[in-house]
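Visitor: I am new to this structure. Please show me how to read its features, one at a time.

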Amino acid sequence: MNYDTISLNEKQVKTIQKKSANNKKKKKGRLRSLLGFLIFEFIFMSITTPLLIFYGPFDNVKRTATGMVWNSMTKQVIAKTFLSDKAIANILGDGYAISNVNTEDIKMLNFGVKHNSNLEYFDVESRNFRGKMIIVDDPTRIKVGYSSKMPRAGETTSSIARRTGAVAAINGGGFIDTGWAGTGGVALGFVINNGKYISGKLTNNYTKRDTIAFTKEGMLIVGKHSQAELTKYNVKEGISFGPPLIVNGKPTINKGDGGWGISPRTAIGQKEDGSVMLLVIDGRSLKSFGATLKEVQDIMLEHGAVNAANLDGGSSATMFYDGKVVNTPSDALGERTVATAFVVMP
């Protein structure tokens, strides 16, 4: 009787083992099916999503996505893969800065001399983004900082600030991405510091280029201007970048969102009383998606800017204050090296 019990138990064990093996096979089969489905979905979405974005009926989505990739040198290939140059121009045309504002007109501001160390720092927030703003009472405290390794390589905004003894700083203009390595050494356009061209000086004094510059008296000049004009207005600090967002109190984007999509942003502006606004908006994260040029323009208008311009954004967007970087740069590797910065001296 004992042997029959043992034999019966062995049969039960074998049955259990067989069922267990079958269950494992079924689980493996389900996992393979799920993996196959996920791979199919990934390939399907990879193909159909760009087609839906670039050829779908949603004009705002189409313009935002196209502007976002078109204005990133490393991502332009995405737009070019799906769209012709003519199609890109048509998509961006309605919302693209600049409007009919004359960006070559300069109206001087008479705010007088008010040398002081006043500086205001606060958060800027909306439903879609988070940012920081610094307002500097004395515009003559704003200088152009640049990489000590130029043109071989760039330097982080915080490093430029610390090296120059600045109390605050934001990243400045764009740079040539040599070998797609993001070194930030070669500045686009010109760089002026203390009245001298550090780089980008042309033999033709009358060629107009995108300008963000400060005169000796501290007035911010934006828009397209020549070297002859900058000399005439006694410009002491400046870089070449844009687009301008507000010129002589008039916003340049009157229709659409500016055409550059949603991204981290850096901008600079000036009020009628001469005080300077430095703005950085974080992006490319769930906490802060980023902002359009129109949204940046609206923030500057809300705070009283009469002249303002866009600075290099994306992974470069950085603000330094109180001895540290106070925003969250979007680059996975942290703060990016850049060619130039606007620094606030003590």
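Guide: Start with E155, which counts as buried at 7% relative accessibility. Buried means under 20% relative accessible area, exposed means over 50%, and partly exposed lies in between, with a 1.4 Å probe and protein chains only. This is a predicted model: local features need pLDDT of at least 70, side-chain atom pairs count only at pLDDT 80 or more, and totals for chains, interfaces and linings use all residues. Residues are numbered from 1 along each chain as its sequence is written, and side-chain values use heavy atoms, with hydrogens and water left out.

Visitor: Which residue forms a salt bridge with E155?

Guide: A salt bridge is a side-chain nitrogen of Lys or Arg within 4 Å of a carboxyl oxygen of Asp or Glu. Here the partner of E155 is R163, with the closest N and O atoms 3.0 Å apart. R163 is partly exposed, at 43% relative accessible area.

Visitor: How many salt bridges does the structure hold?

Guide: Eight. One of them joins the side chains of E104 and K208, at 3.9 Å from N to O. E104 lies in the loop between α4 (85–93) and β1 (119–125), and K208 in the loop between β9 (196–199) and β10 (209–215), so the pair ties together parts 104 residues apart in sequence. Those element names come from DSSP runs, numbered from the N terminus: helices are H or I with at least four residues, strands are E with at least two.

Visitor: Are E104 and K208 buried, exposed or partly exposed?

Guide: E104 is partly exposed, at 38% relative accessibility. K208 is partly exposed too, at 35%.

Visitor: Now the backbone. Which peptide bonds are cis?

Guide: Among them is the bond from M150 to P151, with omega near 0°. P151 sits in the loop between β3 (142–146) and β4 (155–156). The bond from G242 to P243 is also cis, with omega near 5°. P243 lies in the loop between β12 (235–239) and β13 (244–247).

Visitor: What is the phi of N234?

Guide: Positive, about 55°, although N234 is not a glycine. N234 is found in the loop between α6 (227–232) and β12, and it is partly exposed at 30% relative accessibility. N248 also has a positive phi of about 55° without being a glycine. Look for N248 in the loop between β13 and β14 (250–251).
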